[in-house]
Amino acid sequence: GRCRLLCKPSALAQHLVRSLGRSAALRGGRWPWPRWPQLQMLQQLLQPPEPEPVVARELLQLSDAGLVALDWLVGPWGAVGGGGGVCSPVLLLIPNAAGKVTVGLLQLGLRALERGFIPVIFNRRGHNGCPLTTPRLQPFGDPGDLREAVTYLRCRHPTASLLAVSEGSGSGLLFAYLGESGSSSRLAAAACLSPIFRGRDWFEAAMPWLYEWPLLLHLKQGLSRYAGSLAEAVDMDRLLGSRSLRELEESLFCRTRSRPTSWEVYWERNEPLRDADEAAVPVLCLCSADDPVRGPPARSLPMELFRSSPYFFLLLTPRGGHCGFPRRAPGRCWGHEAVLEYFRAMAEFLRTEERRKGLPRPR
């Protein structure tokens, strides 16, 4: 499919090249909208999934009494797919930074459920109907809440492999978590669909209004529910009057009443790749050259990271839009198939290495 895998040479890289090269997903159908990735992106944001999956919500209380929501996918009409057992891998799904659970993310969860994974969606504080019990939200690259959620998942499924996949701007949270945690991340592998690598540049660049306005309205609608509790921390009139994602981000996290800070200092603490050199988990980044949200590849892809780090792999395709990667078959995204094939190849490689070195499986 004219895809290229860009990475530092290694035994794992060779194994991924062989596995992905054999995968039927990368030989998928042609890109149906070659000149209009923006229209495909709008469909991705607005189209409801078919069928609507059933989820079981679990609220997790954090150390500061805040709440995040974990939505466990149990399949359409309540039918459990794949027969996930006690040792089935747990797949943590991270939505974009606005908390919008898109049809693509749900379809990936359902495909994973059919393959025997246990998919669960991570919803940040105040996002997607999660109650806001503290007058603060989660900054763009602050992985504190995600770290507590991963710890809980590890305790609940102690023998299962823990995997994570993020979508769009939600990758900033996953990158920050992997960098800060290093070898203690408790994840076996991770993947990012159309990730945003440079957070500050992304907020400052002019994004397509077809993408920005739906997410901006989605965020305002959710935040307006908590206007009373947030009023003591931020200027709600300024917040709800924001005309861009950057203005809203500044109102929420920079121009606060208690601890105001500058835009520059905020990004020193929240840039996704600030600790990328410390990451010790294989990460597949699936990107398209025509992504209208991330921007031109020459400006938005950190090529040096993929050349120097043995843990970052870039699967670059000429066309695919933003988190789209569609095939002509209805309801199918070849990017989802590539991600699930990557996780299968990673598990196979780790088992081979354990047998070769005679290492006991971690308990």
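So, let's start with the rings: Phe140, Trp202, Phe203, Tyr211, Phe253, Trp263, Tyr266 and Trp267 are joined by ring pairs into a cluster. Keep in mind that this is a predicted model. Counting aromatic pairs gives 17. One of them I'd like to show you is Phe253 with Tyr266, which is stacked, because the ring centres are 5.8 Å apart and the planes sit at 10°. That pair ties together distant parts of the chain, with Phe253 in helix 10 and Tyr266 in helix 11, 13 residues apart. Are those two partners buried or exposed? Phe253 comes out at 13% relative accessibility, so Phe253 is buried, and Tyr266 is buried as well, with a relative accessible area of 4%. Tyr266 also pairs with Trp267, and that one is edge-to-face, with 5.1 Å from centre to centre and 75° between the planes. Trp267 is at 3% relative accessibility and counts as buried.

Okay, stay with helix 11 for a minute, residues 263–270. Which residues of this helix are buried? They are Trp263, Tyr266, Trp267 and Asn270. Look down the axis and these buried residues fall within an arc of 90°, so they line one face of helix 11.

Helix 7 covers residues 209–224 and helix 10 covers 245–253; their axes come within 10 Å and cross at roughly 30°. Anything under 35 degrees counts as roughly parallel, and so helix 7 and helix 10 are roughly parallel to each other. On the helix 7 side we have Glu212, Leu215, Leu216, Leu219, Lys220 and Leu223, and from helix 10 they meet Leu245, Leu248 and Leu252. By class, that contact has seven nonpolar residues, two charged and no polar ones.

Now for another helix pair, with another geometry. Helix 4, residues 144–156, packs with helix 5, residues 171–181, at an angle of about 75°, and the axes are 9 Å apart. Helix 4 and helix 5 are therefore roughly perpendicular to each other. Who makes the contact? From helix 4 it's Leu146, Arg147 and Val150, and from helix 5 it's Leu173, Tyr177, Glu180 and Ser181. The classes here are four nonpolar, one polar and two charged.

Let me switch to some single residues. Ser166 sits in strand 6, residues 162–167. Its relative accessible area is 0%, so Ser166 is buried. What is Ser166 in contact with, leaving aside neighbours within four places in sequence? The list is Ile94, Ser171, Leu174, Ala191, Cys192 and Leu193.

Two of those names come back with Leu284, which is in strand 8, residues 283–288. Leu284 has 1% relative accessibility, so Leu284 is buried. Not counting residues up to four places away, Leu284 touches Ala191 and Cys192, along with Leu5, Ala190, Phe313, Leu315 and Tyr342.

Ser19 belongs to helix 1, residues 11–22. At 2% relative accessibility, Ser19 is buried. Again leaving out residues up to four places away in sequence, Ser19 touches Glu341, Arg344, Ala345 and Glu348.

Last bit, zooming out to the whole chain. The protein chain has 14 helices and nine strands. How much of it is buried? Of the 363 residues, 55% are buried. And if you take contacts between residues at least 6 apart in sequence, 76% of them join residues at least 24 apart.

Key
Residues numbered from 1 in each chain as written. Predicted model: local features only at pLDDT ≥ 70, side-chain atom pairs only at ≥ 80, totals over all residues. Heavy atoms only, no water. Axes fitted to C-alpha atoms, helices over the stretch in contact; angles between N-to-C directions. Helix = DSSP H or I, 4+ residues; strand = E, 2+ residues; numbered from the N terminus. Parallel < 35°, antiparallel > 145°, perpendicular 65-115°, else oblique. Contact = heavy atoms within 4.5 Å. Nonpolar A, V, L, I, M, F, W, Y, C, P; charged D, E, K, R; others polar. Buried < 20%, exposed > 50% of the residue type's maximum accessible area, 1.4 Å probe, protein only. Arc of directions from axis to C-beta. Phe/Tyr/Trp six-rings, centres within 6.5 Å; stacked < 30°, edge-to-face > 60°.
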